[in-house]
Amino acid sequence: MSQTQILVIGRHPEILQTVIRLVNNNPEWNATGCITDQEAMSVFKTQEFALVLLGGGIEEQSEQDLCAFFRANKPAIKIAQHYGGGSGLLSAEIYEALRTN
């Protein structure tokens with residue numbers, strides 16, 4: 001069974017690492033984390049992601065630009081926001097995003 005690839009973008013390195021660890025606790029998922037918009041766009045072009053998870057601290061304009069870029073390159077990409085709340089909430093948000101959108 002292949003893992004679902006998830007791109008996680010966040011502006012705070014410590015929080016990003018925590019979110020990546022929590023995502024990777026699920027054997028069905030594999031997270032790749034990025035701090036900057038440029039890094040996220042570059043990685044998105046080279047890997048096949050099922051979901052983009054936007055963390056806290058991303059400025060509104062950056063979020064809009066990122067979403068536009070992701071959808072232009074992969075119109076069916078699922079994009080979800082995560083602003084904290086623990087591993088249970090994070091898992092629920094990911095399951096919901098993968099199921100819908």
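**Entry 1: a helix on the sheet.** I started with helix H1, residues 13-24, and found that it lies across strand E1 (4-9), E2 and E3. Its direction runs at about 170° to E2. I then looked up helix H2, residues 37-46, which packs on the sheet and touches E1, E2 and E3. For H2, the angle with the direction of E2 is about 140°. A reminder to myself: this is a predicted model.

**Entry 2: the sheet itself.** In what order do the four strands of the open sheet come? I read E2-E1-E3-E4, and the pairing is parallel. Strand E2 (29-34) and strand E4 (78-81) are the edge strands, as each pairs on one side only.

**Entry 3: E3 beside E4.** Next I followed strand E3, residues 51-54, to its partner E4. Four bridges join E3 to E4, and the two run parallel.

**Entry 4: histidine 82.** Moving on from E4, I came to the loop between E4 and helix H4 (87-99), where histidine 82 lies. Is histidine 82 buried or exposed? I found a relative accessibility of 7%; buried means under 20%, so histidine 82 counts as buried. Which residues is histidine 82 in contact with, leaving aside its neighbours within four places in sequence? My list for histidine 82 reads Val19, Leu53, Leu54, Gly55, Gly56, Leu90 and Glu93.

Terms used:
Residues are numbered from 1 along each chain as its sequence is written. This is a predicted model: local features need pLDDT of at least 70, side-chain atom pairs count only at pLDDT 80 or more; totals for chains, interfaces and linings use all residues. Side-chain values use heavy atoms; hydrogens and water are left out. Two strands pair if DSSP finds at least two bridges between them. Contact means heavy atoms within 4.5 Å. Axes are lines fitted to C-alpha atoms, for helices over the stretch in contact, and angles run from 0 to 180 degrees between N-to-C directions. Buried means under 20% relative accessible area, exposed over 50%, partly exposed in between (1.4 Å probe, protein chains only).
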